[in-house]
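Here is a friendly briefing to read alongside the model.

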Amino acid sequence: MRSYHVKNGKGLESLVVTERDIPTPGSHEVLLRVRATSFNYRDGLIMSGAYPLPVKEPSVIPLADGTGEVVAVGSGVTRAQPGGRVVVNSLVHWIEGPFIGWEEHGTQFSGSLDGFLSEYIVVSEEVVLPIPEHLTYEEAATLPVSALTAWNALTGFRQPTEEDTVLALGSGSVSLFAIQFAKSFGARVIATTTNEDKIDRLAALGAEVIHSRTTSNWHETVRDMTNGRGAQMIIENTNPGTLEQSIHAAAISGLVSVVGWIPSSVKTMDISAFYFNMVTLRPIMTGSRNQFEEMNQFIAEHRIKPVIDRIFPFEEAKEAYDYYMNSRSFGKVVIHMD
């Protein structure tokens with residue numbers, strides 16, 4: 001079988017393809033023929049050496065999102081059977097409950113473990129879930145990191161209601177999923193973007209859009225749009241550069257969910273609004289398998305289709321990396337296998 005490997009911090013030139021034997025599943029393990037995988041912001045951080053969590057040495061098979069067809073199972077497997085279409089949760093040991101620690105729940109594909117840019121992979125049966133029937137392998141491959149992070153941000157504290165306003169920052173994949181989920185819950189959605197060419201596409205998903213490049217104090221606009229109340233839920237994914245404005249945009253007892261980690265030179269901020277608005281600040285680390293199962297049920301019920309920007313074949317993985325890291329994609333960039 002063929003698999004790609006990359007070295008932490010060594011850039012795109014370190015991405016190479018190798019030939020290996022197809023692995024055999026052991027007890028409670030599943031062998032998948034990988035059908036699709038997709039990119040996340042962390043994949044660029046690994047390329048540059050800026051990812052803050054452990055990365056397998058001397059090289060790792062990249063990409064944490066993965067779907068596949070079950071081709072064989074080991075002894076004792078009850079969660080999958082040959083021929084099944086499955087998607088895999090990126091955090092191997094987080095099954096249920098809160099995230100309690102990196103040692104307990106932090107093991108993840110394409111970091112401490114090999115990922116899905118490979119023709120085959122063996123995984124624990126505990127991480128596989130059936131793909132919603134209306135989704136293709138490529139669509140389902142967008143779910144494990146971006147969609148589950150958005151789901152956790154919106155439902156891990158409480159679920160949004162028709163009385164809520166949800167503010168999604170930017171047009172990254174987490175924000176796009178958050179918009180779709182929040183609209184399906186019946187909430188009002190406001191989105192910001194710095195790119196004028198994405199305004200119409202965000203509006204097509206149901207968001208009211210603020211062009212934040214021309215509206216520098218966009219938190220004031222959010223308050224104007226909500227009759228001074230602010231947004232009850234905010235998906236903050238460009239921290240810490242915009243975190244202060246997100247807090248100012250939040251309603252009394254609002255929730256600011258901080259997703260991802262982006263290096264920044266910002267060292268200080270005014271926390272007065274944080275205190276006086278009684279804002280809850282909640283960092284998000286994707287989600288548990290149980291949350292993934294709940295999300296898949298919701299996706300199936302509401303027939304939600306992920307936004308995909310472009311799909312590349314396996315043989316063009318380097319081109320896919322270059323496109324993902326250097327384009328202004330709208331939606332997920334996916335690699336599919338024949």
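This is a predicted model: local features need pLDDT of at least 70, side-chain atom pairs count only at pLDDT 80 or more; totals for chains, interfaces and linings use all residues.

**Nonpolar cores**

- L154 belongs to the largest nonpolar core, which has 42 residues; together with L143, F181, I235 and M295, L154 touches the most other members.
- At least two residues of this core come from each of helix 3 (137-140), helix 4 (143-155), strand 8 (165-168), helix 5 (173-185), strand 9 (188-193), strand 11 (231-236) and helix 10 (289-302).
- The biggest contribution is that of helix 5, with eight residues.
- Another core lies apart from this one and has 41 residues, including A64, V92, F314 and A317.
- As background, nonpolar side chains in soluble globular proteins tend to be buried together.

**Helix 7 and its buried face**

- Helix 7 spans residues 218-225, and its buried residues are W218, H219 and V222.
- Viewed down the axis of helix 7, these buried residues fall within an arc of 110°, so they line one face of the helix.
- What do the buried residues of helix 7 pack against? Their partners are strand 8, strand 9, strand 10 (208-211), strand 11 and helix 8 (243-249).
- If you are checking backbone angles, look just after helix 7, where N227 has a positive phi of about 55°.

**The second largest pocket**

- The volume of the second largest pocket is about 220 Å³.
- Its lining is made up of 16 residues, and those nearest the centre of the pocket are F109, D114, I121, V122 and V123.
- Sorted by class, the lining residues of this pocket are ten nonpolar, three polar and three charged.

**K305 in its loop**

- You will find K305 in the loop that runs between helix 10 and strand 14 (308-313).
- Is K305 buried, partly exposed or exposed? Its relative accessibility is 38%, so K305 counts as partly exposed.
- Beyond its neighbours within four places in sequence, K305 makes contact with H134, L135, E139 and Q180.
- For a sense of distance, K305 and S212 are 93 residues apart along the chain, and their C-alpha atoms are separated by 27 Å.

Key. Residues are numbered from 1 along each chain as its sequence is written. Side-chain values use heavy atoms; hydrogens and water are left out. On a 1 Å grid over the protein atoms alone, a cavity is a set of points where a 1.4 Å probe fits but cannot get out, and a pocket is an open set with protein on both sides within 12 Å along at least five of seven lines; lining residues have an atom within 4 Å of a point. Grid points are joined across faces, edges and corners, and a volume is the space filled by probe spheres set on the points. Ala, Val, Leu, Ile, Met, Phe, Trp, Tyr, Cys and Pro count as nonpolar, Asp, Glu, Lys and Arg as charged, and the others, Gly among them, as polar. A nonpolar core is a set of buried Ala, Val, Leu, Ile, Met, Phe, Trp, Tyr and Cys residues joined through side-chain atoms within 4.5 Å. Buried means under 20% relative accessible area, exposed over 50%, partly exposed in between (1.4 Å probe, protein chains only). Helices (H or I, at least four residues) and strands (E, at least two) are DSSP runs, numbered from the N terminus. The arc is that of the directions from the helix axis to the C-beta atoms. Contact means heavy atoms within 4.5 Å.
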